[in-house]
Amino acid sequence: MGPILAIDPLLDGKLLWTPLLIVLLKVLVVFVVGLVATMLMVWFERKVIAGMQNRVGPNKAGPFGLLQTLADGTKLFLKEDLIPDRADRFVFKLAPYLAFVPAFLAFAIIPLGGDYRNGNGGMVEIFGHQTRVQLADPPVGVLFALAISAIAVYGIMLAGWASGSKYPLLGSVRASAQMVSYEAALGLSIACVLLVAGTMSTSGIVNLQGSIGNWNVVTTGFVPFFIFVIAATAELNRPPFDLVEAEQELVGGFNTEYASIRFALFYLAEFMNTITMSALIVTLFFGGPQPVSIGSTTLDIPLIPNALEGTVWLLLKVLVFLYVYVWFRATLPRFRYDQLMDLGWKLLIPASLGWFMLLAAQRVGEDEGWDRVVVTTVTALVLIGGYALMQLAMKVSRDNRDRDGASF
Amino acid sequence: MELFVFVAAALMAVVGSLGVVTRSNPVHAAMSLVLTLFGVAVLFVQQGAHFLAAVQIIVYAGAIVVLFLFVIMLLGVDRAENLRIEPLAGQRIVAGAVGAAMVGLLTAAVLTSESAVTVSGQGLNSTALDSPDANVKQLAESIFGDNVFAFEITSVLLLVAVVGTVILARRLPKQAEATQ
């Protein structure tokens, strides 16, 4: 087999029926888990927000209103499907899929479980074959996630453009500017993790985070984690960065003209992306399916075999971040557009770049055997100098703007 | 299998690039360009250049074409153009001739130096190819080691381009007064 199929150790060598079936099974499981998780996430979000706002939330369909999303989805299937007269028909129909497919693709590289203890490296045995509980483990796993999040913007952008009306177009122009801006901060904070981990494969990154002291959130010094969470929220177009669909300004943003199942696909993609991004945060910074352990004591969930325990831990960790995202939405007011751009370009990108430099200097210092204190002091001084220069540049540009009255 | 993937990816690239030149709507043309970029990325993966494929998608499809689309939408030049009007006389004949010459040149180059094309990763350190991160290490050694000067010069060039754009786009106070 060529290198294209070497992304899974199962597919090395001769192609046999069992490995092929295992891979197909994994594809099916990932797809179904994605759909069901999205359904539950919509319910979870509505219920938690309702709780925070002192309401009851969905409680009619099924126990605790669990089936509300299913009922809404079924209803959307039966609604009339509109295509506006001035729409670009082909792109209008294509856009929902461009949003939906990347949302599922990104899920493929997340380690969804497996036994990472005792040097097992996340391998489990199914039908006598060693495999990972993850659809694909390409050597550039993390970059794959970044690439997927980079192309996810097309769905939103083209949807807004193809609608042939003003508000969706404004929404999609905002979306493209926002997502391209925050992509840089996202990438730089991922680069910090890659620098510390020394590998780009997601299972490799998880494998290195055995105990809390080894979690990348600690080893990269917390700053990249916070930058990643903020940039990810902006990439997801979730509140407080939901300017793309700011209801008060843009009616419904990019999806104003969409109805029926096409709208449902956008909705699905949005929630799916939230889940994937939370899982990515857990994978990169919090040890993914690794059990929580302090030093050499590991919290062990009794009665569950090690291979399954990973999935439980991943679920618990992801739930924390899903809750955080819902919490953001319930508590934080929306940013103004200039505040959004200021935060992205003047704070997050310089901060992540500076932190990346600090980590790189530490690594070089370790290799060359330099004094750690000296390296840190020099880097900190350089960072402060850089910050002062940036402030000076911004002050000059502000003064110029005040004097000239220039429009940008 | 290898052949199938190659044919599919090559078709994607060729159909996409034909779309770029034949679509009259700029947005459709930009989307065809994305199709081409994806086709080329698949070909990269097939050659084992995973890192290059990921960067191709992140940088070209994820940033550059998005910026194209952003400008097209922001400036409102997204109306279909009439392709029958020829702004420069004789442009099409010349373009066709140059294109044909290019195809001829490339074909000749491939046919006469087949060995140079089939040798993979020439000039790169090909030890430890089996390591999953070999891609990145080799590229890093090549860019930041062997060709560091060219790399740094290129980044200076980009910086000059950025500064130049800002200077060109900026209204100086004197000019602003003169126009009033």
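**A helix crossing in chain A**

Modeller: Happy to! Helix α1 (residues 17-52) of chain A packs with helix α10 (residues 260-285) of chain A at an angle of about 95°, their axes 9 Å apart. Helices here are DSSP runs of H or I with at least four residues, strands are E runs of at least two, and both are numbered from the N terminus. Axes are lines fitted to C-alpha atoms, for helices over the stretch in contact, and angles run from 0 to 180 degrees between N-to-C directions. The angle therefore makes α1(A) roughly perpendicular to α10(A) (65 to 115 degrees). From α1(A), the contact uses G34(A), A37(A), T38(A), M41(A) and V42(A), and from α10(A), L268(A), F271(A), M272(A), T274(A) and I275(A); contact means C-beta atoms, placed from the backbone, within 7 Å. These residues divide into seven nonpolar, three polar and no charged (Ala, Val, Leu, Ile, Met, Phe, Trp, Tyr, Cys and Pro are nonpolar; Asp, Glu, Lys and Arg charged; the others, Gly among them, polar).

This is a predicted model: local features need pLDDT of at least 70, side-chain atom pairs count only at pLDDT 80 or more, and totals for chains, interfaces and linings use all residues. Residues are numbered from 1 along each chain as its sequence is written, with chains lettered from A and ligands numbered from 1 in the order in which they are written.

As for chain B, its secondary structure comes to eight helices and zero strands. Just after α2(B), G48(B) has a positive phi of about 85°.

Conventions:
Parallel < 35°, antiparallel > 145°, perpendicular 65-115°, else oblique. Contact = placed C-beta atoms within 7 Å.
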